Amino acid sequence: PQRYNTLPSIQKWYDEKIEGARKSDIILTVSEHSKKEIIELVGVPSDSVAVIYNAVDHLKFRQKDIHIEERRALLSRLGITKPFLLYSGGADIHKNLNRLYQAYARLPIETRNDHQLVMVGKELNSNQEMHRSILRKLGFDSGVVFTGYLNDNDLISLYNLCKLFVFPSIHEGFGLPPLEAMACGAPVI
């Protein structure tokens, strides 16, 4: 509540969702961890929570050869000029992006000069100036690309092309982007 329910309207919305969950015959969730949290925090019996695990569409999210002209066009359009580390996801506090920026800042300067950090996500782009302010306080701003929202084809290509996919989240029910990246052959932290 301290992080997310800071406005009365948000608190009311969450309270309504929790009350709805308590009245439900069954709640579907994505992991045993989420199930445990729902049981403990919402106060519903364990037999009213069922886990249906997430998965990726392996016909879409897969390793693929990307023709050099297609690669050049995509990277040029997005402003990616070097090998890159990739993040894809939201910008909520639990995504731990400040720690990602701190870790990137601590890389040897040669590594940072040779690798860009590519941040994919609609929220990241709409709050780009706030993120760039954080980066400037850490002593850098260049070398980080904010792409905004990408369609699946572009995202799959980036998963295939990145040197490393990073997902520093400190709390997830599941976390689909690492699974997508792994399906495309990316090393994942």
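Reply: Helices (H or I, at least four residues) and strands (E, at least two) are DSSP runs, numbered from the N terminus. This is a predicted model, in which local features need pLDDT of at least 70 and side-chain atom pairs count only at pLDDT 80 or more, while totals for chains, interfaces and linings use all residues. Residues are numbered from 1 along each chain as its sequence is written, and side-chain values use heavy atoms, with hydrogens and water left out.

Me: Where is Ser169 found?

Reply: Ser169 sits in the loop between strand 6 and helix 9 (176-183).

Me: Which side chain makes a polar contact with that of Ser169?

Reply: A polar contact is a pair of N or O atoms within 3.5 Å; within protein, one must be able to donate a hydrogen and the other to accept it, and residues adjacent in sequence count only if both atoms are side-chain atoms. Here the side chain of Ser169 is joined to that of Glu172 at 2.8 Å, and a polar atom of the Ser169 side chain also lies 3.2 Å from the backbone oxygen of His94.

Me: With which strands does strand 3 pair?

Reply: Two strands pair if DSSP finds at least two bridges between them. Strand 3 runs parallel to strand 4 (residues 116-120), joined by five bridges, with Leu85 opposite Leu117. Strand 3 also pairs in the parallel sense with strand 6 (residues 164-165), over two bridges, where Phe165 is the bridge partner of Leu86.
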